[in-house]
Amino acid sequence: MKTSWAAKARTLLFPPAEPDDRAADRCVHERFAIPYTFKPQLSLAEAFIAATVALLRIFFGSLLFAVCGTYTLLAWSNIQSLFLRVAAVLALVLLFVVSLFLLMLASAALTRIYSPRRR
Amino acid sequence: MNLFGQTVSVGSGMFLLLALGMALSFEFVNGFHDTANAVATVIYTHSLKPMVAVVWSGCWNLIGVLTSSGAVAFGILALLPVELVLNVGSGAGFAMVFALLISAIIWNLGTWYLGLPASSSHTLIGAIMGVGLANSWASGAHEFGEGINWAKASEVGMSLLVSPIIGFGCSALLLLLFKLLIKRRELYEAPAKDQPPPLWIRGLLVLTCTGVSFAHGSNDGQKGMGLIMLILVGILPLTFAVDLATSQNSITDLASTTETISYQMDRHSPGVAMGGYQIAANELSAYLKTSGKVTERTFAAVGTKCREISDILSGKTSLSQLNADQRRILRSDLYLTSEALGKLIKQKKLDDPAEQKSAAKLKSNMDKVTKFIPVWVKVAVALALGLGTMIGWKRIVVTVGEKIGKEHLTYAQGASAELVAMATIMAADQLGLPVSTTHVLSSGVAGTMFANHSGLQMDTLRNLLLAWVLTLPVCVLLGAGIFSFGLNVLLRFGIK
């Protein structure tokens, strides 16, 4: 059966959790803390892709911060009514959080697409 | 739009926030790397639960940054090309800041993903050298590497040699000493699952973890602060060029001391006249380059700049009485004069002890006006570093704890390696030793594995050594490449 576009996107954005075998005897709290929830040994190509994506995340994250931050400051200084001012700032903060979240999801999906060892 | 009491365009505001975001990201990534120095041994000896150790270390990093003086932050800036530091508001100045941040972030991220504990200080120093090199090429320097601080380069080279020897040797010897003096078998065997060490070893390890975290925050954590201050001075000179909170007494004191020093400088340069303030500034800029030599004109230039400072400050009760141009000029003059006096003192060119003392006092007073860090900058950096510490610690900790030796870290091995790392940080601060804590701790773990006949994972050690040796040249290339690219873009778009 052909997988739908939405199902493909869902798997890409939220891959099924596969705990490492070495963490099998540990409780959830310990799995979170011990270093078995990620692949500790990356190949050079995997590290290159991961570092590039992380750099893009940093750059675009900073860009989002700059755009939302500037408009937040503008809204704060230009809107006279306190209610409207707070509403505008909250909306911009929410916009920043949501767009940052989407950026992180998109970059994680990008990493999975280009990773040399796709599962 | 209004930012910190200064009106700037929307584009400038956006650019400022972008630069601040990048600078804080650099600190965040810095936190990923250096946590392992503090927590690896504590986690693998079960002295503290991983999350407790990481949050504890993050908090002490935060306290370290908040209580720091800022001396290290400005020490790093002293390595940058003088002309770019003075004109940081220009396109080239911003290209420099972005080149430094991006190259340091790239190398830190790359080595972190590979789980290699490389030195963040070497990374930043490499990027600074790269920018210096590219800048000297771009400005048509006569001598190769004129823009590079060779003293710092040789210090890094020495560190590459000294750190592994100290770490490996001292930790191995300490472990052997432990074995000789303390006859308790459980200290030298791999800990049973989740079994914490005896109370005194546990206390010792937690203490060293705390000390290393605090020292990291108060020392390494400052590097980003200096860059943030450069960005702020470049975009908002009216607010951040000089410390507007400087008291009236300090201003009066500075005005009178500069006048006194100007007479002293005149005695070193009889009959030498500077043809204006700009010529004096050029003379001092040339002297501050690594190849700069002291002449009579240097003393005359310091004297001229001191007189200019005294003129600007005379009759003023607050620095907020100065207009934008005066604040920018005052910052430039104070920076050039202070650095020149520092170099003259270091080179022992001031023979008279009284003259040395007054020059040192003037330098310190001048630095108070330009080398200040607002509390909100410290808080932002502390939070970024602390969060980075808490989030990205795992990769390097796994390398230090599992991939250097062939057996699990014992209590005594953890204590030996961490004690040596802590002692090294203290000794480096007191004696100015050119050592890297990251290198010392990793070599320390290797040393204890060797002394305990536990065996070493040679693949990891080879990768570690390769990363340590490559850090400087790669970062020089990255810094030079990104800075040149930035300059090229500015030229194409005609931005000055």
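**Legends to close-up views of a predicted model**

View 1. D253(B) has a relative accessible area of 31% and is partly exposed. K361(B), at 45% relative accessibility, likewise counts as partly exposed.

**View 2. D266(B) of helix α11 pairs with R307(B) of helix α13.** The side chains of D266(B) and R307(B) form a salt bridge with an N to O distance of 3.0 Å. The bridge links distant parts of the chain, D266(B) lying in helix α11 and R307(B) in helix α13 (residues 296–313), 41 residues apart. D266(B) counts as partly exposed at 30% relative accessibility, and R307(B) is partly exposed with a relative accessible area of 31%.

View 3. The closest N and O atoms of the salt bridge between E339(B) and K371(B) are 2.9 Å apart. E339(B) lies in helix α14 (residues 324–346) and K371(B) in the loop between α15 and α16 (375–391), so the pair ties together parts of chain B that are 32 residues apart in sequence. E339(B) counts as buried because its relative accessibility is 16%, under the 20% limit. K371(B), at 22% relative accessibility, counts as partly exposed. The network of salt bridges links E339(B), K363(B), D367(B) and K371(B). Over all chains, the count of salt bridges comes to 12.

View 4. C209(B) is in no disulfide, and the nearest cysteine sulfur, that of C59(B), is 11 Å away. For comparison with that distance, a disulfide requires two cysteine sulfur atoms within 2.5 Å. C209(B) counts as buried, at 0% relative accessibility. C170(B) is partly exposed, and its relative accessible area is 37%.

View 5. Helix α2 (residues 50–66) of chain B consists of 17 residues. From first C-alpha to last, helix α2(B) reaches 24 Å, which is close to the 24 Å expected at 1.5 Å a residue. Its buried residues are P50(B), A53(B), V54(B), S57(B), G58(B), N61(B), G64(B) and V65(B). These residues cover an arc of only 130 degrees around the axis, and they therefore lie on the same side of α2(B).

View 6. H46(B) is located in the loop between α1 (10–44) and α2 of chain B. Although H46(B) is not a glycine, its phi is positive, at about 60 degrees. Most residues other than glycine have a negative phi. H46(B) counts as partly exposed, with 22% relative accessibility.

**View 7. K348(B) has a positive phi in the loop between α14 and α15.** K348(B) is placed in the loop between α14 and α15 of chain B. Its phi is positive, at about 55 degrees, although K348(B) is not a glycine. K348(B) counts as exposed because its relative accessibility is 66%, over the 50% limit.

**View 8. L177(B) and S416(B) are separated by 239 residues in sequence.** L177(B) is found in helix α7 (residues 150–181) of chain B. In space, L177(B) and S416(B) are 9.7 Å apart, C-alpha to C-alpha, whereas in sequence the two are 239 residues apart. L177(B) counts as partly exposed, at 44% relative accessibility.

**View 9. Chain A contains four helices and zero strands**. From the N terminus on, the elements of chain A follow the order α-α-α-α. Chain A has 119 residues, of which 30% count as buried. Of its contacts between residues at least 6 apart in sequence, 63% join residues at least 24 apart. The accessible surface of chain A comes to about 8300 Å², and 71% of that area belongs to carbon and sulfur atoms.

Notes:
Residues numbered from 1 in each chain as written. Chains lettered and ligands numbered in written order. Predicted model: local features only at pLDDT ≥ 70, side-chain atom pairs only at ≥ 80, totals over all residues. Heavy atoms only, no water. Buried < 20%, exposed > 50% of the residue type's maximum accessible area, 1.4 Å probe, protein only. Salt bridge = Lys/Arg side-chain N within 4 Å of Asp/Glu carboxyl O. Helix = DSSP H or I, 4+ residues; strand = E, 2+ residues; numbered from the N terminus. Expected span 1.5 Å × (residues − 1). Arc of directions from axis to C-beta. Contact = heavy atoms within 4.5 Å. Areas by Shrake-Rupley, 256 points an atom, 1.4 Å probe, with all protein chains shown as cover.
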